Amino acid sequence: MDQQVQDRRWYTNLSLPNDVDGLAMRATELIQDGKFERGLTLEAYGSKGVSLLTRNLVGGAFEKNKHDICRWLQSDEGSSVGVYGMGGVGKTTLLTHIHNQLQNLPNTFVCWVTVCQNFGIFELQNRIAKIVGLSLSKGDDERQRAAELARALSGWKKLVLVLDDVWEYIPTDQVGIPIGANGFNLILSTRSSKVCDWMNCQHIVKVQPLSPEVAWGLFLETLGRETSLPSEIKAIAEGLVENCDGLPLGIVTMAGCMKGVDDICEWRNALKRMEESKAAEEYMETEVFRVLKYSYDNLKDTTVQQCFLYCSLFPEDHKIGRDELIEYFIDERLIDGRKSRQAKFDTGHTILNKLENVCLLEGGKNGKNRRYVKMHDLIRDMAIQLTSVSPRFLVEAGVGLADIEDEMWSEELVKVSLMHNNLFWLVNMGCCPISPPSNPSPRCPRLLTLLLNNCNIETIPDCFFMHMDKLTVLDLSCNDNIVTLPSSISDLRSLIALLLRKCRFLKYVPSLENLTALRRLDISWTRIAEVPQGMEMLVNLRYLDLSGTSIEKIPHGILSKLCHLEYLKNSVCPNVDFDDDSDSYGISDEDA
């Protein structure tokens, strides 16, 4: 079989001028971008006739709040409403129900933006503008951008802007939110009544915990039991619900944790652990955190727990494509690498289903019918708090980070996620965008995972990876400005996954001959024109994506040495011709 592969001749008959090649490549990129392969991951939504997924809540207080707020937001004069309450009490659920009711009204456009902590005015402007189809000025003049945004938001007959999870005062005039304009209405959710006051909300609503009766009903509904609980178990279950203090998130999570449990011993144990943690307050800052921590502990399977913690590496409210996430699980050896590719994905989906079933993850589908998962902000907070001790994670994903201080790097770090940050300005100043010049090579001897995708990185010092000997997963995807990679990558002998997807100007990758442990290499949608040097040494490679590159030929004999290859994507790279019998070697040029 190897001889058959070696006997192939790789060639191209294309001899188009460079400028035409470039235009063709860009056109293909745009087509591919339109496919949203990894799911739509914006944290902002504009809708007309499309309802957001939410859970049902009942009770007189919930219905009254929903009715009053909807009435206020239908005002033609413009209203501002502040909704506040403790974490996990159901503020976002209330806003989602309001969103779904208002977006079906005639001549009403509803925009949803999750603000999160440490928001930046520039980024918030971009998110709102994207919803209404506005292209803001690219410069850094916030006042000009604010004027453009305010003009666009004021142009609607009736527009409702939903700002979820606001942590501090937002200077609406600096952002361009036209408070008081006819037809413009604002509703925000926050954990602090002070934020509502600072934002001069005309109407302020406090979301209270559920009454004991409503809390019990929510617990039973989530538990999904068609028959009533045995009297002995019911008494214990009532104690568990009481310990959730009327917080819907805690109740739903606890019920998900106890689904299918019939042994009274397990129910008694759950109540005992809840009461002990409440007395000692040994785990978390708020009441609901105790419930979430119990649900995490009750997973019992360390692999499932590690997969759950891995989800905290993504930005808050990020919709994580299931397939993308499972690829990471495979890279991290959280799924048995000896299985077939299909078996590995089946295992990954089974793990994610379990986390959804116990309500630690929320599931959904994007506009392309691709499945995703996401974390509630409090659940993510709990996961990040757990990983602040052991194993040590550094998570600064999607927070508008401009630079990393020396003291943030630590020898104890195991995983670092800086994805989805904007380091553009430091790039313009000629500074290293991911490490201050005083320390171009962070000393992280235990670091296994480094996620730097979507960071606007332009250059990386040659020695940057010098003290990361154990690094196994490196993701630099979607950094358009990177042209070359540092030579220190060649010495990452433990590297299992090197991900360079959509580094659109990347032309050079240093030698890979020492990376014999590598199992996944993704250089798709780059300007790499030749097979990287030393690729024939990647004898453990399982996954290779060459789609959208400028590679015109693969020297014969290379593929025969990649004897473990399971996935080879080439469906959008017209310059490389694969024989029709490639599938007989366990290689497919289509999506797996």
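## Aromatic pairs

Rings of Phe, Tyr and Trp count as a pair if their centres lie within 6.5 Å. With that in hand, let's look at this predicted model: ring pairs join Y310, F314, Y328 and F329 into a cluster. By this rule there are 10 aromatic pairs. One of them brings F464 and F465 together in an edge-to-face arrangement, because their planes stand at 90 degrees, with the ring centres 5.1 Å apart. Both F464 and F465 are buried.

Y543 and Y567 make a stacked pair instead, with 10 degrees between the planes and 4.3 Å from centre to centre. Y543 belongs to strand β16 (residues 543–545) and Y567 to strand β17 (residues 567–569), so this pair ties together parts that are 24 residues apart in sequence. Y543 and Y567 are both buried.

## Charges over rings

Elsewhere, R145 sits over the face of F122, at 3.8 Å from the ring centre.

## Cores and helix α17

The largest nonpolar core holds 64 residues, and I69, I187, F308, L325 and F329 have the most contacts inside it. Another core, of 49 residues, lies apart from it and includes L413, I460, I489 and I558.

Setting aside neighbours within four places in sequence, F308 touches Y296, L355, L360, M375, I379, M382 and A383. Helix α17 spans residues 377–386 and is mostly covered, with 7 of its 10 residues buried. Among those buried residues are I379, M382 and A383, along with D377 and R380.

Conventions. Residues numbered from 1 in each chain as written. Predicted model: local features only at pLDDT ≥ 70, side-chain atom pairs only at ≥ 80, totals over all residues. Heavy atoms only, no water. Buried < 20%, exposed > 50% of the residue type's maximum accessible area, 1.4 Å probe, protein only. Helix = DSSP H or I, 4+ residues; strand = E, 2+ residues; numbered from the N terminus. Core = buried A, V, L, I, M, F, W, Y, C linked by side-chain atoms within 4.5 Å. Contact = heavy atoms within 4.5 Å. Phe/Tyr/Trp six-rings, centres within 6.5 Å; stacked < 30°, edge-to-face > 60°. Lys NZ or Arg CZ within 6 Å of the ring centre and 35° of its normal.
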